[in-house]
Amino acid sequence: MEPKWLGWAKQLQSIAQAGLTYSKDVYDLERFELIRNISVDILTHHTNMDRTVIKDLFASETGYATPKVDIRGVVFKDGKILMVRENMDGRWSLPGGWADIGLTPSEVAVKEIKEESGFDVKAVKLLAVMDMKCHPHPPSSYHIYKMLIQCEIIGGQAAEGIETSAVAFFAENQLPPLSTARNTKSQIEMAFNYLKNPQEPIYFD
């Protein structure tokens with residue numbers, strides 16, 4: 001679903017990053033740096049972002065390029081789903097964020113839910129592993145895998161976090177404006193489908 005130019009830019013960045021990491025020949029390094037600059041030029045041409053910002057965010061990593069991992073917690077109460085309002089865009093998402101080094105996926109889900117919603121939870125089931133490019137998210141300069149992990153409330157109470165301004169539960173037919181960079185309507189509907197059909201197999205792209 002992502003535009004072809006974005007896919008090409010990310011592939012070029014990946015090739016350049018691997019080449020700059022593993023190549024020893026000075027001329028090869030020069031060529032891979034050129035490829036990296038072309039990837040930055042493509043993004044600069046197709047977006048409103050400053051070239052320096054793009055290079056710092058998109059083309060500053062080292063080592064073999066791998067996807068980033070975004071983990072979202074799915075929590076139900078009385079048939080409604082837990083969501084938080086993001087300070088960044090004023091829209092709503094499942095609590096979650098980037099995977100942390102040193103933590104398991106379930107530990108990240110538990111931590112993020114506590115920090116963003118105030119609830120203590122335990123992780124009970126992996127629902128889905130999704131490639132962002134296969135779903136109707138806005139374009140992203142990163143290649144991102146998204147994991148949905150179902151959790152159960154064991155304590156705590158609703159409380160805003162540093163990154164959130166509201167906490168609430170929503171019925172499937174009364175969803176708020178969504179932060180589509182974080183989750184889409186179809187993904188929320190997928191989560192409700194698991195509530196109705198708990199024996200459904202894990203979804204993966």
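In what follows, a contact means that heavy atoms lie within 4.5 Å. By that criterion, residues 24 or more positions apart account for 67% of the contacts in the chain with a separation of 6 or more. The model is a predicted one.

**Overall make-up**
- The chain contains 5 helices and 8 strands.
- Their order along the sequence is α-α-α-β-β-β-β-α-β-β-β-α-β.
- The C-alpha trace spans about 60 × 30 × 30 Å along its principal axes.

**Surface and burial**
- Of the 205 residues in the chain, 37% are buried.
- The accessible surface of the chain amounts to about 11300 Å², and carbon and sulfur atoms contribute 56% of this area.

**Charge**
- There are 22 positive and 27 negative side chains in the chain.
- The centres of these two sets of charges are 3 Å apart.

**Strand pairing around β6**
- Strand β6 covers residues 144-156 and pairs with strand β1, residues 68-77, in the parallel sense over 8 bridges.
- Within this pairing, I149 of β6 stands opposite G73.
- Strand β5, residues 119-131, also pairs with β6, in the antiparallel sense and over 11 bridges.
- Here Q150 in β6 is the bridge partner of K125.
- As a general point, side chains in a regular strand alternate between the two faces of the sheet.

How values were computed:
Residues numbered from 1 in each chain as written. Predicted model: local features only at pLDDT ≥ 70, side-chain atom pairs only at ≥ 80, totals over all residues. Heavy atoms only, no water. Helix = DSSP H or I, 4+ residues; strand = E, 2+ residues; numbered from the N terminus. Buried < 20%, exposed > 50% of the residue type's maximum accessible area, 1.4 Å probe, protein only. Areas by Shrake-Rupley, 256 points an atom, 1.4 Å probe, with all protein chains shown as cover. Lys, Arg positive; Asp, Glu negative; His and termini not counted. Charge placed at Lys NZ, Arg CZ, Asp CG, Glu CD. Pairing = 2+ DSSP bridges.
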